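Work through the exercises below with the model in view. Try each task before reading its solution.

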Amino acid sequence: MDITLGITNSSRLQVPEFILLGLPGIHEWQHWLSLPLALLYILALCANILILITIQHEPSLHQPMYWFLGVLAIVDIGLATTIIPKILAILWFDAKAISLPECFAQIYAIHSFMGMESGIFLCMAIDRYVAISYPLRYPSILTEAFMIKVTLSMVLRNGLLTLPVPVLAAQRHYCSRNEIDHCLCSNLGVTSLACDDITINRFYQLALAWVMFGGDMGLVFASYALIIRSVLRLNSAKATSKALSTCSSHLILILFFYTAVIVVSVTQLAGRKFPLIPALFNVLHSIMPPAFNPMVYALRTQELRVGFQRVLGLDDNVSRK
């Protein structure tokens, strides 16, 4: 009787917090990763803030393409800030504990920002399609009101579709294990500690990935297929080259983002045998795009390079040379 009562009481207990152990398999020397992660985080913050200041400062950049780039910069800052400071706290100060509400909030923020980034890439693809296929109607289609509506719709879409992920995770019962062999709160990593059935969590995670990321990726590549068709119909080689150059930076970022999403998803299959691989890819996928997206645009977009030089006070030196 006492034994049965004790088992029943223990099964009803809820763990007060989770413990983030860090990157699996390399706990002893993972602190050496803190320096490159910190440098990438500083780079991401500085580069994306510079993009926002430049777009605001330069009237020539008040265009739909740069509007979406500014929104992408805000999303990149949010994504990196959601993850990297906690990872650095684990690596530097051994601050491995995280409360359940904080963990569920991080799950929501990660899913929201990732979905928002995917949605902004879709908006960029549509923007380039309209600009190349319907250049004369472009100013009347992509108006300021249209861009605000599209951006708000993406925020609303991601906010609502990702909300069930942390809600379902919070409804699970965590009665015994509380150690997560990771440095961030991933949905499946957290729910795998639950004492009750998590079938609904796995199902919604899979459905969300197919509907949101799969849908966005399909529409993005469909847009670029139409763009390529329109470009091939141009009679002038100079016009063709200019059209392709305006799309190149977008296409590089889009390919990098969705390739990384696919790689992270595939490496989850190897997670049991090699848990370090998906964990490391998760971390890198949260910090490398925010750090390198601005560089790609700076290298591939002349208007943005000129804007950077003016904001940083380098335009006089460049003109003298």
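This is a predicted model: local features need pLDDT of at least 70, side-chain atom pairs count only at pLDDT 80 or more; totals for chains, interfaces and linings use all residues.

**Exercise 1: Charges**

Task: How far apart do the centres of the positive and negative side chains of the protein chain lie?

Solution: Start with the two sets. The protein chain carries 21 positive side chains and 18 negative ones.

**Exercise 2: The whole chain**

Task: Describe the protein chain by its secondary structure, its span and its surface.

Solution: Begin with the elements. The chain has 13 helices and three strands. Next, take the span. The C-alpha trace extends about 85 × 40 × 35 Å along its principal axes. Of the 321 residues, 45% are buried.

**Exercise 3: Contacts along the sequence**

**Exercise 4: Leu-21**

Task: Where is Leu-21 placed, and is Leu-21 buried or exposed?

Solution: First, locate the residue. Leu-21 sits in the loop that runs between strand E1 (17-20) and helix H2 (34-57). Second, check its accessibility. Leu-21 has a relative accessibility of 19%, and the cut-off for buried is under 20%, so Leu-21 counts as buried. Third, list its partners. Beyond neighbours within four places in sequence, Leu-21 contacts His-27, Gln-30, Lys-96, Glu-179, Ile-180, Asp-181 and His-182. Last, compare sequence with space. Gln-63 is 42 residues from Leu-21 in sequence, and their C-alpha atoms are 45 Å apart.

Methods. Residues are numbered from 1 along each chain as its sequence is written. Side-chain values use heavy atoms; hydrogens and water are left out. Helices (H or I, at least four residues) and strands (E, at least two) are DSSP runs, numbered from the N terminus. Buried means under 20% relative accessible area, exposed over 50%, partly exposed in between (1.4 Å probe, protein chains only). Accessible areas come from the Shrake-Rupley method with a 1.4 Å probe; for residues, only the protein chains shown count as cover. Lys and Arg count as positive and Asp and Glu as negative; His and the chain ends are not counted. The place of a charge is taken as NZ of Lys, CZ of Arg, CG of Asp or CD of Glu. Contact means heavy atoms within 4.5 Å.
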